[in-house]
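Please look over the sequence and the structure below. The paragraphs after them go through the model part by part.

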Amino acid sequence: MSSARPFPTRQNLQIMKLKLVGAKKGHSLLKKKADALTMRLRALLTTILKAKEAMGKAFKDGNFAMAEVKYAAGDIKSAIIESVGTAQKRVETRVDNIAGVKVPVFKAVDMADAPVDYTGLARGGQQVTKARQTFSACVDTLIQLATLQTSFLILDEAIK
């Protein structure tokens, strides 16, 4: 069985030199892409850490606001369940391109204005409104965190 070596002529030497130049250029481009993705991955990691801290603070504020509601208005769980019709927020997705890697981006969209609260000031209406706003901010932070972590996983796979 013969090996697949080209016959050593000047023309084949030129062809091999061009292939070598092309391979070196391709390797260089892939190295630059991997470096860009690694840099973006590190930036995402710091942003994820900040978002997780913000998430913890948002949930802490939300639970405190809920405690205020329970203190001011008592148990309003059944009233809230009855008043909910459709979701106040929706999640939209789009695709972002990071150095040739397609990454989904999630965005929270408010669908409707907040319904009028009938509990009044005497029944803790102000605390209910505050709790609604606090948990709305929690949802926004959670969606941002989902975008960041999804991007992180996809970029990590692309680098590997």
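Lys57 and Asp61 lie four residues apart in helix 1 (residues 10-73), which means that about one helical turn separates them. An α-helix has 3.6 residues a turn, so residues three or four places apart point the same way. The side chains of Lys57 and Asp61 form a salt bridge, with N and O 3.0 Å apart. A salt bridge here is a side-chain nitrogen of Lys or Arg within 4 Å of a carboxyl oxygen of Asp or Glu. Asp61 has 30% relative accessibility and so counts as partly exposed. The classes are buried for under 20% relative accessible area, exposed for over 50%, and partly exposed in between, with a 1.4 Å probe and protein chains only.

This is a predicted model, in which local features need pLDDT of at least 70 and side-chain atom pairs count only at pLDDT 80 or more, while totals for chains, interfaces and linings use all residues. Residues are numbered from 1 along each chain as its sequence is written, and side-chain values use heavy atoms, with hydrogens and water left out.

The protein has three helices and two strands, in the order α-α-β-β-α along the sequence. Helices (H or I, at least four residues) and strands (E, at least two) are DSSP runs, numbered from the N terminus. Of its 160 residues, 19% are buried.

Strand 1 (residues 89-98) pairs with strand 2 (residues 101-110) in the antiparallel sense, over 10 bridges; pairing requires that DSSP finds at least two bridges between two strands. The two strands make a hairpin with two residues between them, and Ala99 in the turn has a positive phi of about 50°. Arg94 has Val105 in strand 2 as its bridge partner. The side chain of Arg94 also forms a salt bridge with that of Asp96, at 3.8 Å from N to O. Asp96 is partly exposed, because its relative accessibility is 29%.

Which residues does Lys89 touch, leaving aside its neighbours within four places in sequence? Lys89, which lies in strand 1, is in contact (heavy atoms within 4.5 Å) with Val109, Asp110, Met111, Ser136, Val139 and Asp140. Its side chain makes a polar contact of 2.8 Å with the side chain of Asp110 and another, of 3.2 Å, with the side chain of Ser136. A polar contact is a pair of N or O atoms within 3.5 Å; within protein, one must be able to donate a hydrogen and the other to accept it, and residues adjacent in sequence count only if both atoms are side-chain atoms. Lys89, Asp110 and Asp140 are linked in a network of salt bridges.

Helix 3 (residues 125-159) has 35 residues, which at 1.5 Å a residue should span 51 Å; its end C-alpha atoms are 51 Å apart, so the two values agree. The expected span is 1.5 Å times one less than the number of residues. Buried residues of helix 3 include Val128, Cys138, Ile143, Leu148 and Leu155. Among the elements that cover the buried residues of helix 3 are helix 1, strand 1 and strand 2.

Asp156 forms a salt bridge with Lys160, with the closest N and O atoms 3.6 Å apart. Asp156 is partly exposed because its relative accessibility is 22%, whereas Lys160, at 73%, counts as exposed. The count for the model comes to seven salt bridges.
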